[in-house]
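Please consult the sequence and the structure shown here alongside the text.

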Amino acid sequence: MCGIVAYLGNKEACPILVEGLKRLEYRGYDSSGVAFVNDAAVDVVKTKGRISVLEEKLKDKSLTSSLGIAHTRWATHGVPNTTNAHPHVDHTGKIAIVHNGIIENFSTLKKWLTKKGCTFTSDTDSEVAANLISLFYNEQTEEKDNALRFEKAMRLALNKVVGTYGIVAICTDVPDTLIAARKGSPMVLGVGDGEYVLASDAAAIVQHTTQAVYLGDNEMVIITPGGYKTLTIDNVPFEAKIEQIEYSLDEIELAGHEHYMSKEIFEQPETLKAALSGRLNITDGQIHLGGIKDLSRELVRARRVNITACGTAWHAGLVAEYLFEEFAQLPTEVDYASEFRYRNPIIEEGTIQIVISQSGETIDTLAALREAKDRGALSLGIVNSVGSTIARETDAGVYLHVGPEIGVASTKAFTGQLAVLSMIALYIARRRHMSQQRFSQYVEALNEIPDKIGEILKQSEAIKEIAKKYCDRENWLFLGRGYQFPVALEGALKLKEISYIHAEGLPAAEMKHGPIALITEEMPVVFLAPKGTQYDKALGNAEEVKARGGIILAVATEGDDRMKEIADHVISIPDTLEELQPLLTVIPLQLLAYHAAVLRGHDVDKPRNLAKSVTVE
Ligand code: G6P
């Protein structure tokens with residue numbers, strides 16, 4: 001949520017910042033801006049709207065500075081307009097900042113600063129940070145070294161802030177310095193050859209360098225042309241570890257696709273292979289998971305599993321509930337991370353807390369993880385973004401390895417999460433009680449999933465035709481039983497978030513307890529009914545919808561003639577073991593939502609009001 005980029009080096013900063021903002025636009029896109037120190041003044045250019053609008057505004061400006069900060073915003077405090085856009089400059093005009101996160105005590109601080117003579121122009125919490133730094137800077141009259149003054153002011157200010165921040169500040173008196181800090185919102189420093197790029201995400205850095213320092217909470221970095229130093233906000237210096245950014249520029253390019261979402265849907269056969277690669281071993285019929293192997297004793301002895309996540313990752317968690325109970329016979333509970341942290345969760349001895357997060361930065365998921373750890377749970381992270389906060393704070397974990405996901409609507413991360421969770425459940429099951437024969441069947445079936453996804457993707461045009469026919473309908477239902485219930489939720493979420501169509505996902509049998517009253521001849525009802533233990537019952541539910549005139553769009557197993565007789569449209573998927581079917585049934589739903597959104601003329605990768613990485617509560 002909100003993207004930050006800052007540059008210090010030997011090139012012109014402005015084009016690098018704008019390019020970086022474009023890479024981070026998925027984090028927020030309601031306004032953006034840049035700031036540079038120029039002849040003892042701060043030059044700020046900012047605007048409401050997309051980065052392209054900012055780019056247009058920058059066209060006739062001559063901004064040659066080789067140091068600057070930039071921001072793309074997802075509004076929290078204050079409406080999205082030019083005044084509230086970042087960077088924010090303090091009332092003396094000396095300090096400019098870009099900020100990601102929420103300053104929870106901003107109103108108390110604002111009153112205090114106002115009494116001290118500060119004036120404010122925006123409605124944002126972030127402007128308070130700029131003024132707070134400035135106040136402490138100006139108060140240190142005895143300190144003659146401006147660089148030290150700036151550094152100390154930053155520390156004093158951050159110690160007063162309650163809330164979260166990824167922040168970068170510049171000061172007109174110290175024109176060759178960037179100071180950045182983080183608490184709760186990510187901040188990565190790319191260390192190049194004579195240049196530094198700070199950003200909320202490595203996507204804005206990888207073009208320049210693959211060497212990075214991931215700042216931890218309450219850590220700061222001070223960057224000058226001579227190098228950088230890392231310290232805590234309490235002034236304790238430490239040596240930062242330089243890590244390798246794990247992906248390449250190619251992985252974040254559109255590669256001929258019109259949207260990231262379609263690219264990410266269509267690359268699922270490859271991303272799934274990558275998620276399974278080196279882990280599924282067909283020859284010896286084993287699953288190898290390096291990230292959790294040191295904990296296999298604890299996992300085998302576990303008494304229960306708690307899963308916490310948000311959005312699509314939560315849906316993957318719901319599928320995992322079925323998997324852990326079925327395969328590993330472990331009692332499993334799934335919670336929205338935002339709810340888990342605010343109730344009084346019971347963590348018994350032997351509880352494994354699994355947190356699922358594509359970005360590894362979702363604030364509610366992170367807070368739920370910390371809560372569970374405080375209460376004694378052993379934590380596992382199922383994360384895509386390597387080096388992210390959740391990945392670093394969990395006791396162990398398994399990365400998805402599906403490559404960076406940029407489209408706001410999550411697709412390949414979902415299938416990656418399902419694959420990894422299936423492998424973990426099987427890994428535990430085999431060590432507890434599952435026979436090698438049964439285990440091998442799942443290993444083989446999992447191995448075939450990527451090619452089967454490839455088969456489903458070939459139906460994209462046919463699915464587009466269905467979308468064309470019904471994309472003007474404003475209400476949809478998605479129904480599924482057992483393993484298909486979470487997929488129904490995911491299908492409905494996909495349609496809502498990018499097509500802005502109202503959709504509900506339900507367990508098919510629950511339809512009779514209310515939602516059936518909604519069914520009319522106008523309403524598309526998507527049935528997820530592959531062959532399996534609940535197939536006959538799902539067919540019965542489809543008959544109930546048909547009897548009331550609803551339009552039935554079914555996702556069914558190849559060769560299912562009974563469903564063909566009932567449904568208006570059938571999308572066929574290859575057969576697989578029931579527990580793995582969500583990996584296949586979700587694909588037509590991703591395509592349906594994608595095509596419906598494009599046909600309705602929406603910006604699929606940047607749906608209104610949404611952001612990909614939700615770093616505020
Ligand atoms: C946002 C995104 C969703 C995502 C959810 C959780 O709402 O739009 O696509 O599923 O956050 O994100 P995470 O990175 O924790 O998986």
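Which residues does glycine 505 touch, not counting residues up to four places away in sequence? Glycine 505 touches Phe478, Ala488, Leu489 and Ala492, where contact means heavy atoms within 4.5 Å. The model is predicted: local features need pLDDT of at least 70, side-chain atom pairs count only at pLDDT 80 or more, and totals for chains, interfaces and linings use all residues. Residues are numbered from 1 along each chain as its sequence is written, and side-chain values use heavy atoms, with hydrogens and water left out.

Glycine 505 belongs to strand E23 (residues 502-507). Helices (H or I, at least four residues) and strands (E, at least two) are DSSP runs, numbered from the N terminus. With a relative accessibility of 16%, glycine 505 counts as buried; buried means under 20% relative accessible area, exposed over 50%, and partly exposed in between (1.4 Å probe, protein chains only). Between the C-alpha atoms of glycine 505 and glutamate 243, 262 residues apart along the chain, the separation is 41 Å.

**The antiparallel sheet**

An open sheet of eight strands has the order E3-E2-E4-E1-E10-E9-E11-E14, with antiparallel pairing; two strands pair if DSSP finds at least two bridges between them. Strand E3 (41-48) and strand E14 (243-244) stand at the edges with a single partner strand each, so one side of each has no neighbour in the sheet. Within this sheet, strand E1 (residues 3-8) and strand E10 (residues 196-199) run antiparallel and are joined by four bridges. Alanine 6 stands opposite leucine 198 in E10. Helix H2 (residues 51-58) lies across strand E2 (31-38), E3 and strand E4 (67-73), and runs at about 135 degrees to E3. Axes are lines fitted to C-alpha atoms, for helices over the stretch in contact, and angles run from 0 to 180 degrees between N-to-C directions.

**The parallel sheet**

A second open sheet has five strands in the order E18-E17-E19-E20-E21, and its pairing is parallel. Its edge strands are strand E18 (332-336) and strand E21 (396-399), each of which pairs on one side only. From one strand to the next, the twist averages 20 degrees. Strand E20 (residues 378-383) pairs with E21 in the parallel sense over four bridges, and isoleucine 382 stands opposite valine 398 in E21. Two helices lie across strands of this sheet. Helix H9 (residues 311-327) lies across strand E17 (304-309), E18 and strand E19 (351-357), at about 170 degrees to E18. Helix H11 (residues 363-374) lies across E17, E19 and E20, at about 170 degrees to E19.

**Helix packing**

Two packed helices are described by the angle between their axes and the distance between the axes. The table gives these values for two contacts of helix H13 (residues 412-432).

| Helix pair | Axis distance | Crossing angle |
|---|---|---|
| H7 and H13 | within 9 Å | roughly 30 degrees |
| H9 and H13 | within 9 Å | roughly 20 degrees |

H7 and H13 are therefore roughly parallel to each other; angles under 35 degrees count as roughly parallel, over 145 as roughly antiparallel, 65 to 115 as roughly perpendicular and the rest as oblique. The crossing of H7 and H13 is right-handed, the term for a near helix turned clockwise from the far one by less than a right angle. Gln268, Thr271, Leu272, Ala275 and Leu276 of H7 make this contact with Lys412, Thr415, Gly416, Ala419 and Met423 of H13. By class, these are five nonpolar, four polar and one charged residues. Ala, Val, Leu, Ile, Met, Phe, Trp, Tyr, Cys and Pro count as nonpolar, Asp, Glu, Lys and Arg as charged, and the others, Gly among them, as polar.

H9 and H13 are likewise roughly parallel to each other, and H9 passes H13 in a right-handed crossing. Among the residues making the contact are Ala316, Val319 and Leu323 of H9 and Leu418, Leu421 and Ala425 of H13. The contact of H9 with H13 divides into 15 nonpolar, four polar and no charged residues.

**Backbone features**

Most residues other than glycine have a negative phi, and most peptide bonds are trans. The peptide bond from histidine 86 to proline 87 is cis, with omega near 0 degrees, and proline 87 lies in the loop between E4 and strand E5 (88-89). Asparagine 235 has a positive phi of about 70 degrees and is found in the loop between strand E13 (227-232) and E14. With a relative accessible area of 40%, asparagine 235 is partly exposed. Alanine 255 has a positive phi near 50 degrees and is found in the loop between E14 and helix H6 (260-266). Alanine 255 is exposed, with a relative accessible area of 58%.
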